[in-house]
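Have a look at the model first, then try each task before reading its solution.

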Amino acid sequence: WQGEIWNKRRNGEIYPEWLSIAKAINPKYNEEFYIAIFTDITSLKEADRKLYFYANHDVLTKLANRVHFESHLKSAIESCKRRDNKLALFFIDLDKFKDINDTYGHTIGDEMLKTVAKRLEQNIRKEDFIARLGGDEFVLIIKDVKSSDDMITLASKLNENIKEPITLDDKVFFMTLSIGISIFPEHGKDSEDLIKDSDAAMY
């Protein structure tokens, strides 16, 4: 037999190991023995975890990336269809971000994106979903939507939060967002339509 198991070190720490068990027979006495060989695969598991994380997340902000977002949106729509629920898709663009990058450099630009990502994340629920598509584009998937007015209120709250001064490298910035919203199923029956409509609404 061979397979992956969890084992415990002498200090009580639980760790993953790959275990192989083979039967050996001593023909002289017709005795059976079992030989077990194990390998500590903690480092392999950690490498797998990192690979999975960076395949599905944005390196800069640690938010979900485009691949993860598209997969999550499709599954969220299927869940809504089964439960007869609504969801909202927010397309968010950071206004005049290019000017900051061009004027102050990419280091300040990167810090700005990380700050904006944290502020957006702080204003949504744990069950909702946030991703960075690239550049200064972010998306939110808001689940269990009750009314369009609630989403407009949330958009205003997000913008008010971003308008609070952002201090980077002794410089103070005042930023705003452009936000487009589409709601399933009113504005689209699938992920492609929702993305297209929220993107158009943002512009």
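The radius of gyration used here is taken over C-alpha atoms, and the globule rule is 2.2 Å times the number of residues to the power 0.38. Keep in mind that this is a predicted model.

**Exercise 1. Compare the radius of gyration of the chain with that of a compact globule of 203 residues.**

Step 1: the rule gives a compact globule of 203 residues a radius near 17 Å.
Step 2: the chain itself has 25 Å.
Step 3: for the outline, its C-alpha atoms fill a box of roughly 85 × 50 × 25 Å along the principal axes. Buried residues make up 37% of the chain.

**Exercise 2. Work out which parts of the chain the salt bridge between E4 and K45 links.**

Step 1: the side chains of E4 and K45 meet at 2.7 Å, N to O.
Step 2: E4 lies in strand 1 (residues 2–8) and K45 in helix 1 (residues 42–56), so the pair, 41 residues apart, links distant parts of the chain.
Step 3: now classify each partner. E4 is partly exposed, with a relative accessible area of 42%, and K45 is also partly exposed, at 32%.

Definitions and conventions. Residues are numbered from 1 along each chain as its sequence is written. This is a predicted model: local features need pLDDT of at least 70, side-chain atom pairs count only at pLDDT 80 or more; totals for chains, interfaces and linings use all residues. Side-chain values use heavy atoms; hydrogens and water are left out. Buried means under 20% relative accessible area, exposed over 50%, partly exposed in between (1.4 Å probe, protein chains only). A salt bridge is a side-chain nitrogen of Lys or Arg within 4 Å of a carboxyl oxygen of Asp or Glu. Helices (H or I, at least four residues) and strands (E, at least two) are DSSP runs, numbered from the N terminus.
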